[in-house]
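Reader: I have a structure to read. Please take me through its features one by one.

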Amino acid sequence: MRRLVFVMIFSSFLVGCMSLQTPHLEKLWQGRFSLSVRSATIDNHQSGHFLLSHTPAVLTVLDLKSALGNTLARIEQGQDYAQLQAVGIDTIKAQDAQTLMKTALGFSVPINGLEYWLDGQASPWSKAETVPDKAPYETIIQNGWTITYLAYVNGLPSRLRLTRAETSDNPAISMTIVINSRTP
């Protein structure tokens, strides 16, 4: 089941159209991702498009899309809930995004803090190491992740790489993100 959910979320295979309306939100990032997940039992490489939106009321919505733009999965996190909707499976719910990802995939992925990293900032919710000490950063190390900024446009990150080493609980993950647009 976990492998099936993983494949559904991160694959870019052809699927029928899925209608999930993106709510009007205050901050929005759109772009592409390339993901590599490796462990003794997993060797998966996927790519696609993403749409991440966030409101001040702490509602975060992450849509993962195929290369053709069809929504494959939606992860939604509110103040006291998280849920995953994906093509071909029932909605999975949990109290937060980390628990949700652990339940759905068997390991965690960087949902919490992602909106800060995409803007070139450390998440204010946990301790971080940065290089250099002040923005714009080349690297942020936070929550077991290393965020490397590969390119900036107009003072904001346009290309970054998120990596996490393999642990007993999680596979090694490397994700490159290209931000095509953001508002505001």
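Author: In E3, Lys65 is the bridge partner of His49. Keep in mind that this model is predicted.

Reader: How many bridges join E2 to strand E3, and in which sense do they run?

Author: There are 6 bridges between E2 and E3 (residues 60–65), and the strands run antiparallel.

Reader: Which strand pairs with E2 over 12 bridges?

Author: To call two strands paired, look for at least two bridges between them. Here strand E1 (residues 27–38) pairs with E2 (residues 43–54), in the antiparallel sense.

Reader: How many residues lie between E1 and E2?

Author: 4 residues lie between E1 and E2, and the two strands form a hairpin.

Reader: How does the lining of the largest pocket divide by class?

Author: It has 8 polar, 4 nonpolar and 1 charged residues.

Reader: Take Gln77. Where does it lie?

Author: Gln77 is in strand E4 (residues 71–77).

Reader: Is Gln77 buried or exposed?

Author: Buried means under 20% relative accessible area. Gln77 has 14%, so Gln77 counts as buried.

Reader: What does the side chain of Gln77 reach?

Author: For a polar contact, look for N or O atoms within 3.5 Å. The Gln77 side chain reaches the backbone nitrogen of Ala97 at 3.1 Å.

How values were computed
Residues numbered from 1 in each chain as written. Predicted model: local features only at pLDDT ≥ 70, side-chain atom pairs only at ≥ 80, totals over all residues. Heavy atoms only, no water. Nonpolar A, V, L, I, M, F, W, Y, C, P; charged D, E, K, R; others polar. Buried < 20%, exposed > 50% of the residue type's maximum accessible area, 1.4 Å probe, protein only. Polar contact = N/O pair within 3.5 Å; in protein donor to acceptor, adjacent residues only side chain to side chain.
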